[in-house]
Amino acid sequence: MINNLILVGRLATEPTIKQISDNVKVCNIVLAVNRPFKDLSTGEYGVDFIPISLWNGISSVAFDYCSKG
């Protein structure tokens with residue numbers, strides 16, 4: 001069985017990339033995802049900040065083409 005998760009949001013931080021070894025790169029981002037419902041006490045929508053690590057090929061693409069906002 002395959003589990004899939006689709007998150008739609010915006011980048012809360014600029015992507016950072018690190019070279020782990022000769023052929024391995026890792027890019028770290030933080031994704032801000034709005035909650036689809038309002039908080040009962042404040043009446044405002046909440047936001048979840050999700051840390052994500054991207055490895056190898058996709059890490060270079062995210063670092064080159066994605067930015068905060």
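**A friendly walk through a predicted model**

Colleague: Let's start with I20: does this residue count as buried or exposed?
Modeller: This is a predicted model, so keep that in mind as we go. The relative accessibility of I20 is 53%, and the cut-off for this class is over 50%. I20 therefore counts as exposed.

Colleague: How far is the C-alpha atom of I20 from that of S67?
Modeller: Along the chain, I20 and S67 are 47 residues apart.

Colleague: Now the whole chain: in what order do its elements run from the N terminus?
Modeller: The protein chain has four strands and one helix. Starting at the N terminus, the order is β-β-β-β-α.

Colleague: Why is the chain described as more spread out than a compact globule, and what is its radius of gyration?
Modeller: For 69 residues, the globule rule gives 11 Å. The chain's value is well over that, so the chain is more spread out than a compact globule. Its radius of gyration is 15 Å.

Colleague: What share of the 69 residues counts as buried?
Modeller: To count as buried, a residue needs a relative accessible area under 20%. Of the 69 residues in the protein chain, the share in this class is 16%.

Colleague: Which residue forms a salt bridge with R35?
Modeller: Side chains of opposite charge can pair when their charged atoms come close. A search of the whole structure finds one salt bridge. In this bridge, the closest N and O atoms are 2.7 Å apart, and the partner of R35 is D48.

Colleague: Which strands does that pair link?
Modeller: R35 and D48 are 13 residues apart, and the pair links distant parts of the chain. R35 belongs to the strand of residues 25–38, and D48 to the strand of residues 45–55. Those strands are β3 and β4.

Colleague: What is the relative accessibility of D48?
Modeller: R35 is partly exposed, with a relative accessible area of 35%. D48 also counts as partly exposed, and its relative accessibility is 30%.

How values were computed. Residues are numbered from 1 along each chain as its sequence is written. This is a predicted model: local features need pLDDT of at least 70, side-chain atom pairs count only at pLDDT 80 or more; totals for chains, interfaces and linings use all residues. Side-chain values use heavy atoms; hydrogens and water are left out. A salt bridge is a side-chain nitrogen of Lys or Arg within 4 Å of a carboxyl oxygen of Asp or Glu. Helices (H or I, at least four residues) and strands (E, at least two) are DSSP runs, numbered from the N terminus. Buried means under 20% relative accessible area, exposed over 50%, partly exposed in between (1.4 Å probe, protein chains only). The radius of gyration is taken over C-alpha atoms; the globule rule is 2.2 Å times the number of residues to the power 0.38.
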